[in-house]
Amino acid sequence: MDSLVARDRSLLQVKDLRTVFATRENDVHAVNGVSFHVREGELLGIVGESGSGKSVTMMSLLKLIPMPPARIVSGEVIFDGRDLLKLKPNELRDVRGGQIGFIFQDPMTSLNPVFTVGFQLIEPLQTHLGLSKKEARARAAELLELVGIPSAKDRLDDYPHQFSGGMRQRVMIAIALACDPKMLIADEPTTALDVTIQAQILEIVRKLRQELGMAMIWITHDLGVVAGIADRVMVMYGGLIVEHAPVKRLYGAPKHPYTKALLETLPSLEDQRSERLVTIGGQPPSLDAEPTSCPFAPRCQYAFERCWRENPPLRMVDDGLAENGDSHDVACWWDIDRGEPFNGGEPFDVR
Ligand SMILES: Nc1ncnc2c1ncn2[C@@H]1O[C@H](COP(=O)(O)OP(=O)(O)OP(=O)(O)O)[C@@H](O)[C@H]1O
Ligand SMILES: [Mg+2]
């Protein structure tokens, strides 16, 4: 059974993506065989601690990583019927910003300080949609309004530094949405913002999804954010997907010891402290070779002999076919519910 890959209505299908950086000292195996799909109109959340390969995975899809030092050593990225990794540079440019909107991790550096916000919105509208300057300007004002910027029309001629952090982030979202993309990839778009503004932006995203029906991939450290907006969630560790499930199942019945640990670090709902995912003990895995054993084993309270010998493939958990035909998959040799080694016949490998 092929749970994370081919699927009807999949807008995006990623298969066995692997990305390696060549550094002076060694290779860094940042993405080690990642497969997943996103359906039209769906929001896929991606969580995992710093360095787990979330950004490099997403940037590899659109070849936005610097190559060299990076190289994509294997994989297919089928978007709307075409393999993005095989497109010519000009075709890929049309996809970026045209069919796939992208919000980068750092809002402070991703707007160009020397151009007005209006210019940065109008330019892609003219390039990708062929609008006249006047049409593009009108559309740009509409977009700023859509993301909740007051007096939108008058703000088009302002520069990024004249906007607050939260407003800049909204501008980023407006730019990413400018060309009516079929999919939006948002990499930690709210991390740098304070909690109230985060909440406002998440509300905007919820509304936009309803209005525009666009597919989204939302990367975050924050399990609370994902719980509120995602349909499905993937947990990454050491450049691998270690668990995948519809959001309620992941939170209600996590199967991977790493996911479980992450959820245990979440403060309760009443607790207003930040929900950042930081405090699980031990070191992140070394990425200087592809993993041949479970990369989480050194930090895992359940690790046993097989975990040190073999890297577990992703397998569907018992009764793992959840609502909507989406599966619940885990890469772990331990059966956390039975409290014994996994023993369910041959695991399938969707990677
Ligand atoms: N240009 C580069 N050269 C070498 N290694 C890199 C480069 N860019 C990223 N890496 C490595 O790839 C791995 C994955 O990084 P990535 O940025 O995808 O992590 P992340 O999950 O997005 O983390 P964060 O939550 O901090 O954003 C890390 O070990 C990182 O050091
Ligand atoms: Mg990142």
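Reader: What makes β7 and β8 a pair of strands?

Author: Strands, which are DSSP runs of E with at least two residues, numbered from the N terminus, count as paired if DSSP finds at least two bridges between them; β7 (residues 183-187) and β8 are joined by five bridges and run parallel, with Met-183 standing opposite Ala-215 of β8. This is a predicted model, in which local features need pLDDT of at least 70 and side-chain atom pairs count only at pLDDT 80 or more, while totals for chains, interfaces and linings use all residues. Residues are numbered from 1 along each chain as its sequence is written, and side-chain values use heavy atoms, leaving out hydrogens and water.

Reader: How do you know that β3 pairs with β8?

Author: Strand β3 (residues 43-47) and β8 share four bridges in the parallel sense, and the bridge partner of Gly-45 in β8 is Trp-218.

Reader: Why is β8 called largely enclosed?

Author: Buried means under 20% relative accessible area, with exposed over 50% and partly exposed in between (1.4 Å probe, protein chains only); five of the five residues of β8 (residues 215-219) are buried, so the rest of the structure largely encloses this strand. Both of its faces are covered, with Ala-215, Ile-217 and Ile-219 buried on one side and Met-216 and Trp-218 on the other.

Reader: What makes a set of residues a nonpolar core?

Author: The term requires buried Ala, Val, Leu, Ile, Met, Phe, Trp, Tyr and Cys residues joined through side-chain atoms within 4.5 Å. The largest such core here has 59 residues, and Leu-121, Leu-144, Leu-177, Trp-218 and Tyr-258 have the most contacts inside it. A second, separate core of 37 residues includes Phe-21, Phe-102, Ala-215 and Ile-217.

Key:
Chains lettered and ligands numbered in written order.
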